[in-house]
Amino acid sequence: MSLYLAVPLLVFVALLQNAWLSQVSLWGARPDLMLVVVLAWTIARGINEGLVWAFIGGLIIDLLSGGPLGAHVLALLAVAFVGGQNWGEGLGAPLVRVLLLALVGGLVYHIVLLTVLTWTGHVVDWGYAFLRVAAPSVTLTVVIAPFAVRGTGWLSRRLEGEGPRR
Amino acid sequence: MAGMRETPVRPWLPLALIVLALLLLVFSEAGTLGPVTGAFHYVLDPLLRVASGGVESTGNLFQMVRDVRELRVRADELQAEVDALTVENVRLREYEAEVQQLRDLLRFVGDYQFVAPLGADVVSRQACDTFPCGDVVGADPNPYLRYITIGVGSQQGVRVGMPVVSSGAALVGRISETGPRTAKVQLIVDANSATAALLQTSRATGLVVGQPDGTLRMDYVVHGREAGAAVGDIVLTSGLGGVMPKGLVIGQVARVDRADYEMFEPIIVRPAVDFSRLEVVLVLAGFEQISLEEAEDGGGPDEPSAEQPG
């Protein structure tokens, strides 16, 4: 997908997450829209495009965040790397694989984010972060991921000519 | 699976992007990316304002039940009235305590000159003529940090380190980063935030630090003082360190974890501000911080040093 389309789309996703979703809390879970979008795009289009989306999306989120620049970049790169693997292909229904990748990707995302925050001197209560923030957010990611994969699958098909060949 | 694309994997791509991300992290922590991020902010800030406005108007569309809206307005009016009365009450108590202290001081150390503590004006929208007012335009997308983005920036004279308050002179946080037209505020409930504080009734001082769950804890309050902390006590900024004005309301004591064998008694503080409902804040741009060097030299706050982190 052309960067001319990807960048505005990712900026839109980041703004949505910053202006709206950051204030949404469902039993402690905050929807990580950029994570879901990067994961779904990686599943739909492969690891190369996923990594580029992760880098750009993470950079925009970092610019809008008060945290260290590069934290979300690293976390989303890890997610794209996870999403681009062939894990779970023998598990049967594609949905199972999506759920598995969302679970692993979500966990990796939060682990990397927390690790970077710890490295950069932020106070991190790992127990609280895992139980009260990461666990509910990952659960929400797993729930949202199948819908996001359908959405990005549709977008991918619309951009069939641009993307890599099957 | 359907839709899955098989692309020739470029083995260098993940490594290259990870190295780039690490470089970003290192340079960002070293503080050398300021101009670059500033340039990005020129593009992103207006977009963020538009998005925030869009989200706000979309949210209004969903308020379909008129009665609920009217009740909310009424509740807000009543809350504002309660806030105003609470603030007045707090300030009167503060004056009373201050007068008592000054009387004691005058009695025993009349030869010394004391600088009058900085009073905090009651904040309202009208105060925007004096201080830069900022609409809250975003919350931090990082789930582990508690920052907000406000709609005023360096162009309006906002600088890093300036205190930010809400209505009722309640402390919201401190400016941590400025863009041209937006600024990031580190909330007092952020886990990295620490504010010098005192209890209004006992005058015991301590340090109010943010907790991961969004509450506040007051540390280093010496256990066993004659008048210790009690549930319901008001917690104010002490002004110690010179990075915050004295007398801003931080919150109210919710619980005292008293243990006889411990030197300090940790106090759980309920913040005075409902951070999820913040709409307008005020940046105390006129407050001049006292740098540590000045304080050690015994100098006055002649040279403002708002850049100093607290």
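At 43% relative accessibility, does E77(B) count as buried, partly exposed or exposed? E77(B) counts as partly exposed, the class between buried, under 20% relative accessible area, and exposed, over 50%, with a 1.4 Å probe and protein chains only. This is a predicted model in which local features need pLDDT of at least 70 and side-chain atom pairs count only at pLDDT 80 or more, while totals for chains, interfaces and linings use all residues. Residues are numbered from 1 along each chain as its sequence is written, chains are lettered from A and ligands numbered from 1 in the order in which they are written, and side-chain values use heavy atoms, with hydrogens and water left out.

E77(B) forms a salt bridge with R74(B), at 3.3 Å from N to O. A salt bridge here is a side-chain nitrogen of Lys or Arg within 4 Å of a carboxyl oxygen of Asp or Glu. Both residues belong to helix α3 (residues 66-108) of chain B, 3 residues apart, which is about one turn of the helix; helices are DSSP runs of H or I with at least four residues, strands are runs of E with at least two, and both are numbered from the N terminus. R74(B) is partly exposed at 47%.

Over all chains there are 6 salt bridges. Among them, R217(B) and D219(B) have their closest N and O atoms 2.8 Å apart; R217(B) is partly exposed at 29%, whereas D219(B) is buried at 12%. In another, E177(B) pairs with K184(B) at 3.8 Å. E177(B) is partly exposed at 26% and K184(B) is buried at 5%.

A cavity is a set of points on a 1 Å grid over the protein atoms alone where a 1.4 Å probe fits but cannot get out, and lining residues have an atom within 4 Å of a point. Strands β4 (170-178) and β5 (183-187) of chain B each supply at least two of its lining residues.

The count is 2 cavities of 30 Å³ or more. The largest cavity holds about 140 Å³ and has 14 lining residues, with V123(A), Y128(A), Y144(B), A191(B) and P212(B) nearest its centre. Helix α6 (residues 126-158) of chain A gives the largest share of that lining, 3 residues.

Methods: 1 Å grid on protein atoms, 1.4 Å probe; cavity = no way out; pocket = protein on both sides within 12 Å on 5 of 7 lines; lining within 4 Å. Points joined across faces, edges and corners; volume = space filled by probe spheres on them.
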